[in-house]
Amino acid sequence: MTDGQHRENGSAGPHLANGSAAPDPASRPDERQAHFRPVECDRCGAVVQVAKFSPQHTSVQWSQPSVRACAEFSARVSAGEQTALIDSCASLRRSIDHAVLQGSVEVFPP
Ligand SMILES: [Zn+2]
């Protein structure tokens, strides 16, 4: 699954999800960021920021502590996969689906 949103994960680039020092009024990052909701993995307790832009398009932002908290995710990373290519572990995907069904993650078309 390719998703431009995931590229920002993993590497400590200047464009981190939180605490961006250079707000860009043109792209209105605050507004976009406001659509992210924290979802906790019911198995490993990792908390990720989730936004849905369409029923098929789910954007998941992993923080470093979440990557370490999730056994499945960190196992895949240590096996050589890039964090940018992993959207979630299986149980987190279920937790996200559940959050969407409950309405705590709403769909916001971009
Ligand atoms: Zn997990």
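Predicted model: local features only at pLDDT ≥ 70, side-chain atom pairs only at ≥ 80, totals over all residues.
**View 1. Overall arrangement of the protein chain.** Four helices and three strands make up the secondary structure of the protein chain. Along the sequence, these elements follow the pattern α-β-β-β-α-α-α. Of the 110 residues in the protein chain, 20% are buried. Among contacts with a separation of 6 or more, 57% are between residues 24 or more positions apart.

**View 2. Helix H4 and its buried side.** Helix H4 spans residues 90–102, a run of 13 residues. From first C-alpha to last, H4 reaches 19 Å, close to the expected 18 Å. Leu92, Ser95 and Ile96 are buried in this helix. These residues lie on the same side of H4 because they cover an arc of only 100 degrees around the axis. An α-helix has 3.6 residues a turn, so residues three or four places apart point the same way.

**View 3. Packing of H4 against the strands.** The buried residues of H4 pack against strand E1 (37–40), strand E2 (47–52) and strand E3 (58–61). On the face turned away from the buried side, H4 carries the exposed residues Ala90 and Leu101.

View 4. Alanine 90 belongs to helix H4. This alanine counts as exposed because it has 10 C-beta neighbours inside 10 Å, and a residue with 12 or fewer is classed as exposed. The C-alpha atoms of alanine 90 and glutamate 72 are separated by 8.2 Å, with the two residues 18 apart along the chain. Just after H4, glycine 103 adopts a positive phi of about 90 degrees.

Definitions and conventions. Residues numbered from 1 in each chain as written. Helix = DSSP H or I, 4+ residues; strand = E, 2+ residues; numbered from the N terminus. Expected span 1.5 Å × (residues − 1). Arc of directions from axis to C-beta. Contact = placed C-beta atoms within 7 Å.
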